[in-house]
Amino acid sequence: MIIEVEKFLPEDLVDDLVAFSKTNTDWQVQEMQENLPRKRISWLADSPIETAHMWFESLPLFSHLNFMGITLWKDDVDFWMSEHIDNERVKIAVQIYLDDRKSPGTQFGDRLIRYGRNRGYIMHNNPSMLHGVPDQTPHEGRLSIYALFQ
């Protein structure tokens, strides 16, 4: 099941994450996606990353699940991802886009979750939850926060 969401995060947190992404240079390659033009920051104390981590960890909606953490993703303009199914350890994945660039969202079968500021999806993972990022133009890069629950 996919739930499309809008205005999911507090606006001040979105602002802080966007500003942080422009000033931080400690981006790392995303494990198991080394061949893709995607960078990540998974933890940095006393930063908007820590604030977002605590915000997701305290969400009552997912209090029955184990919070696995968040990742701030920065995708380059040539990023795309073929359709795939996430690891079975993932029960719930939440991806929230952080800005309004002209970029592709995430495709779930015939349903496209549009890219845009403070919008995205909650995905209840299952063996038929095929999804990917279309290879399309225009593509101005993507910035998002990704949270996992088990």
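Predicted model: local features only at pLDDT ≥ 70, side-chain atom pairs only at ≥ 80, totals over all residues.
1. Strand β4, residues 67-75, and strand β11, residues 142-149, run antiparallel and are joined by 8 bridges. On the β11 side, L143 is the bridge partner of K74.

2. A position in α1. A19 is found in helix α1. Is this residue buried or partly exposed? A19 has a relative accessible area of 41%, so it counts as partly exposed.

3. Aromatic pairs: F62 and F149. The whole structure contains 8 aromatic pairs. In one of them, the ring centres of F62 and F149 are 4.5 Å apart and the ring planes meet at 35°, so the pair is tilted. F62 belongs to the loop between α2 and β4, while F149 is in strand β11, so this pair ties together parts that are 87 residues apart in sequence. Both partners are on the buried side of the 20% cut-off: F62 has a relative accessible area of 6%, and F149 has one of 2%.

4. Aromatic pairs: Y97 and Y115. Here the ring centres lie 4.7 Å apart with the planes at 40°, so this pair is tilted as well. Which parts of the chain does the pair tie together? Y97 lies in strand β6 and Y115 in the loop between β8 (111-113) and β9 (119-124), so the parts joined are 18 residues apart in sequence. Y97 is buried, at 0% relative accessibility. Y115 is buried too, with a relative accessible area of 4%.

5. Other ring contacts. F8, W55 and F56 are linked into a cluster by ring pairs. A charge also sits over a ring: the charged end of R38 is placed over W73, 3.5 Å from the centre of its ring.

6. The chain as a whole. The secondary structure comprises 2 helices and 11 strands. Along the sequence these follow the pattern β-α-β-β-α-β-β-β-β-β-β-β-β. The radius of gyration is 14 Å, close to the 15 Å given by the globule rule for 150 residues, so the chain is as compact as a globular protein of that length. The C-alpha trace spans about 40 × 35 × 30 Å along its principal axes.

7. Burial and contacts. Of the 150 residues, 50% count as buried. What share of the contacts between residues at least 6 apart in sequence joins residues at least 24 apart? That share is 77%.

How values were computed
Residues numbered from 1 in each chain as written. Heavy atoms only, no water. Pairing = 2+ DSSP bridges. Helix = DSSP H or I, 4+ residues; strand = E, 2+ residues; numbered from the N terminus. Phe/Tyr/Trp six-rings, centres within 6.5 Å; stacked < 30°, edge-to-face > 60°. Buried < 20%, exposed > 50% of the residue type's maximum accessible area, 1.4 Å probe, protein only. Lys NZ or Arg CZ within 6 Å of the ring centre and 35° of its normal. Rg over C-alpha atoms; globule rule 2.2 N^0.38 Å. Contact = heavy atoms within 4.5 Å.
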